[in-house]
Structures are given as C-alpha cells and as structure tokens.
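Have the structure open as you read.

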Amino acid sequence: MTNKELKTLKIKLENHGTSTGSNWFTNKDTILSSSPTNGKPIARVECTSYKEYEKVIKEAEHAKLIWRDIPAPKRGEIIRQLGEKLREKKPTLGKLVSYEMGKSYQEGLGEVQEMIDICDFAVGISRQLYGNTIHSERPGHRMYDQYHPLGIVGIITAFNFPVAVWAWNSALALVCGNVVVWKPSEKTPLCAIACQHILADILKSNKLPEGISSLLMGNAEIGTWLSKDSRVPLISATGSTRMGRQVAMTVAERLGKTLLELGGNNAIIVTPKADLKMTIIGAVFGAVGTAGQRCTSTRRLIVHDSIYDKVKTSLVEAYKQIKIGDPLDTQYHMGPLIDIDAVQKYLDALSKIKEQGGKILVEGGVLKGDGYESGCYVSPVIAEVDNQFPIVQEETFAPILYLIKYSGEVQQAIAIQNNVRQGLSSSIMTTDLREAEVFLSQNGSDCGIANVNIGTSGAEIGGAFGGEKETGGGRESGSDAWKVYMRRQTNTINYTTSLPLAQGIQFEL
Ligand code: UN1
C-alpha cells in the first residue's frame with residue numbers, strides 16, 4: 001500500500017466507531033496488525049470489551065426487528081449495492097488483503113472477486129427463498145413449508161481468507177433476513193474494518209440501522225462469548241479443527257446451531273491415465289498458492305507407481321521455477337506465511353517429516369536476505385511420505401506437499417485419500433471415465449468437494465462449500481447453503497368447517 005493509503009486507513013480507524021457508535025474503541029487491549037510482507041506494523045486496533053459486546057448484541061437485537069420486516073428482494077438490493085461498491089474497491093481491497101495477509105495481489109483480487117460473486121448470487125437468492133407446497137392427507141387442508149430468518153448470525157473467520165468468508169456468510173445471512181455479528185481473525189483486523197466500513201456506509205445511505213452488521217475485535221474469548229450466547233442462534237465458524245471443536249461443544253451445550261468449515265487434508269489422485277501437464281499445474285498451484293494456507297490447499301499427491309518417477313521429476317523441476325517474494329510485486333508466485341508462529345509450525349512439520357521417516361525431495365527453509373526481512377518467507381517443500389505418518393494426518397498450514405505412491409486400481413488410491421480425519425476437498429486427474437466415476441460414486445471420495453481434472457483449491461462460489469468428518473460438515477456459499485441461515489416452518493391450514501385429525505384418528509366430544 002502507498003503511504004497515503006495507509007495514512008487514510010489509520011485516520012479512518014481512529015475516527016470510526018462501528019455498530020454501537022463512536023465509543024466502540026474504549027478498551028485498553030489492542031491488537032497490532034503488521035504486514036508479513038515486510039514485518040512492518042500497520043496499525044493498532046482496540047479490542048471489544050464485554051461491556052461493548054453487550055451493546056453490540058443489543059443493537060443487533062434491535063436491528064433484526066427492522067431488517068426482517070423488509071421484503072427479501074429489498075434486502076437483496078442492499079447486497080446488490082455491496083457488490084457494486086466492491087467492484088469499485090476491488091483494487092484497493094485486494095491490495096489491503098495482499099498487504100495484511102501476505103497472499104499474492106492476484107489472489108487478493110481473486111478473493112474480492114469471490115465477494116462480488118457471492119453478492120450477485122445472494123441478490124438472486126433473495127427472490128428464491130423457496131419452500132415446498134405439500135399435499136395434505138386431509139380434505140380441505142393445505143400444507144406448505146416456509147423459511148424465516150434466524151435472528152442474529154455470529155460469524156467467526158480465519159486470517160487466510162480475511163474478506164471472502166465474511167462475504168459468503170454475510171451476503172446470504174443478510175438476504176435471508178438476519179443481522180450479522182462478525183469476529184474476524186485477530187491477524188487481519190484491518191481487512192475486517194475495511195469491509196465493515198463499506199457495508200456500514202451502504203446501510204447508512206439507505207437509512208438502515210447500523211446494527212444490521214457489526215464487528216467484534218479481539219481474540220478467542222470473543223468467539224466464546226458468541227458461542228455461549230443464546231441470543232445468537234447460529235454460529236458460522238471457519239478455521240482450525242481445534243477452534244471448531246471448541247465452538248461446536250459450546251454451542252451444542254445450549255442446543256444452538258453451528259455451520260463449521262474447518263481443516264482439510266486435501267489430495268489429488270494421479271492415475272496412469274492423467275494428463276500430466278494439467279496435473280503439474282494443478283498440483284503446484286494447489287500446494288504453493290496462498291503459500292499453502294488455504295483450507296483447500298493440496299497437501300497430498302497420491303500417484304500411481306507406473307508414472308510416479310515421471311511426476312516426481314516434473315514436480316521437482318516445476319518447483320525450481322517458483323519465485324518467492326513481495327506478494328504485491330506481480331513477478332512473484334508465492335508470498336510469506338502469515339507470521340513467525342506459522343513459520344515455526346512449518347519448521348516443526350519439517351523436523352517431524354524427517355523423524356517419522358519421510359524423504360525430502362525439495363528442501364525447505366526460512367528465506368533470508370533482501371526482501372525477506374519479515375522472517376515469514378519460506379521455501380515450498382516436497383516430501384515422499386507414508387500416508388500413515390502422524391504428520392501427514394495433520395493439516396499443516398504451509399507449502400508442504402506430500403508425495404504418496406499407490407499401486408493397482410484406483411480404489412487403492414481412493415482408500416489412501418479417504419484415510420485421514422479431514423474431508424474437505426479432493427481431486428482425481430484422469431482421462432478415464434470409469435476411474436472418474438468410481439471416484440465420484442458413493443464408494444469414492446468421502447469429501448465435501450470432489451473434482452475431476454482440476455485441483456483441490458479455487459472452488460467457485462456457486463457450489464456449496466465445506467466438508468465432512470473433522471472438516472465439520474457445514475456448507476457455505478452456493479447451491480442451497482442459504483437454508484442454514486433460516487428456520488423452517490411447516491404450515492397446515494384447514495379451510496373447512498370440520499376438524500378431521502391426521503392419521504384417521506377419531507376423537508368426538
Ligand atoms: C478457505 O481456505 O478457507 O476454494 C477458503 C478455494 C477458495 C476458498 C478457500 N474459493 O480455495
């Protein structure tokens with residue numbers, strides 16, 4: 001970002017209150033946002049205190065009564081305006097994402113594009129919140145089901161998609177008639193503040209209460225407040241399995257609803273019938289894109305023994321071309337990891353790979369020297385491993401790609417791919433129809449996302465996004481994921497003068 005842009009952002013930060021007005025920033029606790037691109041601090045952001053949290057929820061409770069009475073297509077109009085604003089702000093917001101989070105500018109722009117796409121999708125959905133009509137077994141009776149808003153939706157998001165995941169949840173939750181309360185990652189607070197500003201301005205210019213969308217700033221404690229709060233019927237949480245488990249248990253205690261989108265351990269199966277050129281591009285982007293910090297990043301490549309050496313050589317060659325550096329400079333493919341903690345986890349994983357018997361094919365390490373002063377730039381790694389190694393069973397949020405060999409039929413590869421605790425994304429590279437169909441069948445991939453001849457990452461917003469097992473089971477974004485943000489009501493109407501009972505029960509007085 002230019003100095004001018006940064007200065008404007010800081011001034012805005014100092015002057016802008018959120019949903020509860022200008023006294024939002026009153027707590028002494030602060031979060032320091034610094035850029036992993038150069039290690040420089042950007043801004044200090046004050047955290048929300050419990051007292052302020054209470055005010056935010058009260059504002060949200062008030063706003064929900066107004067918002068849910070506005071017809072859904074009119075709510076869609078607000079989201080249309082959000083999409084328009086995001087189009088206008090795409091380069092700036094993309095740059096902020098890239099600067100604060102460290103993904104390449106191209107990917108920053110891509111993330112904002114996902115926001116725009118979900119806005120367009122949600123506008124359409126605002127006219128399609130359909131229920132079914134049902135034929136009653138009783139004469140003169142009519143049945144149908146309809147969907148009503150839940151109320152307040154709590155959104156917890158991770159650093160790696162600091163703006164898009166908020167948009168997936170908010171755009172849908174809002175057209176469905178809910179108000180939203182967002183707890184972003186404490187690693188990317190400025191991206192959250194930027195989004196909050198954009199939506200708050202739109203609400204203001206439409207004379208709508210600002211409590212329709214609120215921001216809570218702080219650490220995990222805020223997630224706990226939200227999870228315990230029965231005024232917040234749905235918590236949508238994206239992040240690590242450890243965080244999701246905590247949220248799920250806390251929300252379950254009060255029998256609330258959760259939408260969980262947690263860790264992945266995504267694999268590409270490469271069969272003897274794969275197009276190898278496509279395979280290499282898909283695998284490399286999947287493994288090093290966003291520096292391996294997507295929940296859909298490719299972690300494992302399960303390759304048939306007949307083509308194993310060829311794939312291995314091509315991959316090692318391809319990794320030599322990867323340029324690592326300032327993500328805002330478009331000549332680089334890969335930027336830094338989010339922070340020093342992430343670098344330490346990457347280094348720990350490398351030691352474990354070696355300890356557990358893995359063979360490093362492309363050596364990693366922390367990059368030093370000009371341009372790498374933040375200490376967050378690392379080299380991407382390829383290691384030959386066994387799927388059963390404990391480290392391979394874990395999701396390490398870093399550019400580490402595991403090569404695993406299979407022999408025999410595609411079922412062998414599918415068994416390996418399914419043999420992890422997570423179940424988010426999966427792919428098969430094959431030109432063989434039978435192999436592809438087995439992979440997609442009930443005996444195939446056990447993941448929420450199963451692709452043929454594309455990689456594991458980069459899902460479009462039109463499909464439902466999420467996965468099974470420790471990934472949490474939730475679905476966000478496209479298809480009919482909107483239903484999660486609503487409560488279903490079944491209605492039976494009797495337009496006769498008698499009262500027949502269902503199941504033919506006779507009851508006379
Ligand atoms: C995430 O990493 O949390 O499919 C989301 C993808 C993106 C979203 C990733 N559309 O890679």
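## Helices α3 and α4

Start with helix α3 (residues 72-101) and helix α4 (residues 105-125), whose axes come within 8 Å and cross at roughly 175 degrees. Helices here are DSSP runs of H or I with at least four residues, strands are E runs of at least two, and both are numbered from the N terminus. The axes are lines fitted to C-alpha atoms, for helices over the stretch in contact, with angles running from 0 to 180 degrees between N-to-C directions. So α3 and α4 are roughly antiparallel to each other; the cut-offs are under 35 degrees for roughly parallel, over 145 for roughly antiparallel, 65 to 115 for roughly perpendicular, and oblique for the rest.

The contact of α3 with α4 has 13 nonpolar, 5 polar and 6 charged residues. In this scheme Ala, Val, Leu, Ile, Met, Phe, Trp, Tyr, Cys and Pro count as nonpolar, Asp, Glu, Lys and Arg as charged, and the others, Gly among them, as polar.

A word on the ground rules: this is a predicted model, so local features need pLDDT of at least 70 and side-chain atom pairs count only at pLDDT 80 or more, while totals for chains, interfaces and linings use all residues. Residues are numbered from 1 along each chain as its sequence is written.

## Helix α5 joins in

α3 also packs on helix α5 (residues 164-175), at an angle of about 150 degrees and with the axes 8 Å apart. That makes α3 roughly antiparallel to α5. On the α3 side the contact uses A72, R75, G76, I78 and I79, and on the α5 side A171, L174 and V175; contact means that C-beta atoms, placed from the backbone, lie within 7 Å. By class, that comes to 6 nonpolar, 1 polar and 1 charged residues.

How do α4 and α5 run relative to each other, parallel or antiparallel? Their axes come within 9 Å and cross at roughly 10 degrees, which makes α4 roughly parallel to α5. From α4, E111, E114, M115, I118, C119, A122 and I125 meet A164, A167, W168, A171, L172 and V175 of α5. This contact divides into 11 nonpolar, no polar and 2 charged residues.

## Two domains

The protein splits into domain 1 (3-10 + 20-262 + 472-489) and domain 2 (266-452), with bounds from an automatic or database domain assignment. Their centres, taken over C-alpha atoms, are 31 Å apart. Domain 1 puts 17 residues into the contact and domain 2 puts in 19. On the domain 1 side, α3 and α4 are the elements giving two or more residues, and α3 has the largest share, with 4 residues. That side has 5 nonpolar, 8 polar and 4 charged residues.

## Around the ligand

The ligand is surrounded by E114, N160, F161, V165, T238, R294, C295, T296, S457, G458 and A459, counting residues whose C-beta atom, placed from the backbone, lies within 6 Å of the ligand. The shell has 4 nonpolar, 5 polar and 2 charged residues. Both domain 1 and domain 2 give residues to this shell, so the ligand lies between them.

Notes. Two residues are in contact if their C-beta atoms, placed from the backbone, lie within 7 Å.
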